[in-house]
Amino acid sequence: MNKKRSLAVVLAALASLGGAQAAYAVDSASLEFGSGNKTKLARVGLQWKWDSKWWQSNGTHIGGYWDLTLSQWRGNRYRNIPGNKQDFVDVGFTPVFRFQNDSLKGWYVEAGIGAHYLSDIYDNNDRQFSTHFQFGDHIGVGYVFRNNLDIGLKIQHFSNGSIKQPNDGANFAVLSATYSF
């Protein structure tokens, strides 16, 4: 792992977070944990809700938010060798569409596809990426409580969209906790 490159990515992400906060008020913050393909991830994020409400009917609508994230990935089968570790950073930006109640409380279903930059090229458990750039798409369900705590579960897939081979992709199950301000 290139430590200088990882540090540069982390600093760029933090600078982006600071600039984004100055431009628009952050609506929520999230903490997520995921696992898949002998890899674990921990992620923090900031979200900005959209003002738009599409297809509003019967107390529901499609809305959404911008999701800016910083993740740490930890693989434990680097180059398909059991116990061999691979750690790196992921910075992502994703527009997310959400079918939800007009009150923004209760059950929801969401989907998003965004851009991610990985500080190292993923090679774990016989799954390889060939580029630092990856698309990250997900589908998920969740529940927003009256106190604005949002608990969700999503399935997330990472792939470079066949920009370059190999493009094995990787899938994760991700549990999230988000708090809206």
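Mentor: Let us begin with burial, where a residue counts as buried under 20% relative accessible area, as exposed over 50%, and as partly exposed in between (1.4 Å probe, protein chains only). Keep in mind that this is a predicted model, in which local features need pLDDT of at least 70 and side-chain atom pairs count only at pLDDT 80 or more, while totals for chains, interfaces and linings use all residues. Residues are numbered from 1 along each chain as its sequence is written, and side-chain values use heavy atoms, with hydrogens and water left out.

Trainee: Are Arg98 and Glu110 buried or exposed, and at what N to O distance do their side chains meet in a salt bridge?

Mentor: Side chains of opposite charge can pair when their charged atoms come close. The rule asks for a side-chain nitrogen of Lys or Arg within 4 Å of a carboxyl oxygen of Asp or Glu, and the count by this rule is 6 salt bridges. In the case you raise, the side chains of Arg98 and Glu110 meet at 2.8 Å, N to O. The pair links distant parts of the chain, with Arg98 in strand β5 and Glu110 in strand β6 (residues 106-118), 12 residues apart, a strand being a DSSP run of E of at least two residues, numbered from the N terminus. Both Arg98 and Glu110 are buried. Arg98 also forms a salt bridge with Asp150, at 3.1 Å from N to O. Because Arg98 lies in strand β5 and Asp150 in strand β10, this pair ties together parts that are 52 residues apart in sequence. Asp150 is buried, as is Arg98. Elsewhere, salt bridges that share partners join Glu32, Arg43 and Lys154 into one network.

Trainee: Which strands hold Asp87 and Arg74, and how many residues apart in sequence are the parts that they tie together?

Mentor: The side chains of Asp87 and Arg74 meet in a salt bridge at 2.9 Å, N to O. Asp87 lies in strand β5 (residues 86-101) and Arg74 in strand β4, so the parts tied together are 13 residues apart in sequence. Asp87 counts as partly exposed at 23% relative accessibility, and Arg74 is partly exposed as well, with a relative accessible area of 47%.

Trainee: How many aromatic pairs does the count give, and which residues do ring pairs link into a cluster?

Mentor: A pair of aromatic rings is described by the distance of the centres and the angle of the planes. Rings of Phe, Tyr and Trp (its six-membered ring) pair if their centres lie within 6.5 Å, and planes under 30 degrees apart count as stacked, over 60 as edge-to-face and the rest as tilted. By this rule there are 16 aromatic pairs. Trp73 and Phe158 form an edge-to-face pair, 4.9 Å centre to centre with 70° between the planes. That pair links distant parts of the chain, since Trp73 belongs to strand β4 and Phe158 to strand β10, 85 residues apart. Trp73 and Phe158 are buried. Tyr122 and Phe129 form a tilted pair, 4.8 Å centre to centre with 40° between the planes, and Tyr122 and Phe129 are buried too. The cluster linked by ring pairs consists of Trp73, Phe88, Tyr122, Phe129, Phe158 and Phe172.

Trainee: Over the face of which residue does Arg98 lie?

Mentor: Arg98 lies over the face of Tyr108, at 3.5 Å from the ring centre; the rule for a charge over a ring is NZ of Lys or CZ of Arg within 6 Å of the ring centre and within 35 degrees of the ring normal.

Trainee: What phi does Trp55 have, and which peptide bond is cis?

Mentor: Most residues other than glycine have a negative phi, and most peptide bonds are trans. Trp55 has a positive phi of about 50° although it is not a glycine; Trp55 is found in strand β3 (residues 54-57) and counts as exposed at 72% relative accessibility. Asn37, likewise not a glycine, has a positive phi of about 55° and lies in the loop between β1 and β2. The cis peptide bond runs from Gln165 to Pro166, with omega near 0°, and Pro166 lies in the loop between β10 and β11.

How values were computed. Helix = DSSP H or I, 4+ residues; strand = E, 2+ residues; numbered from the N terminus.
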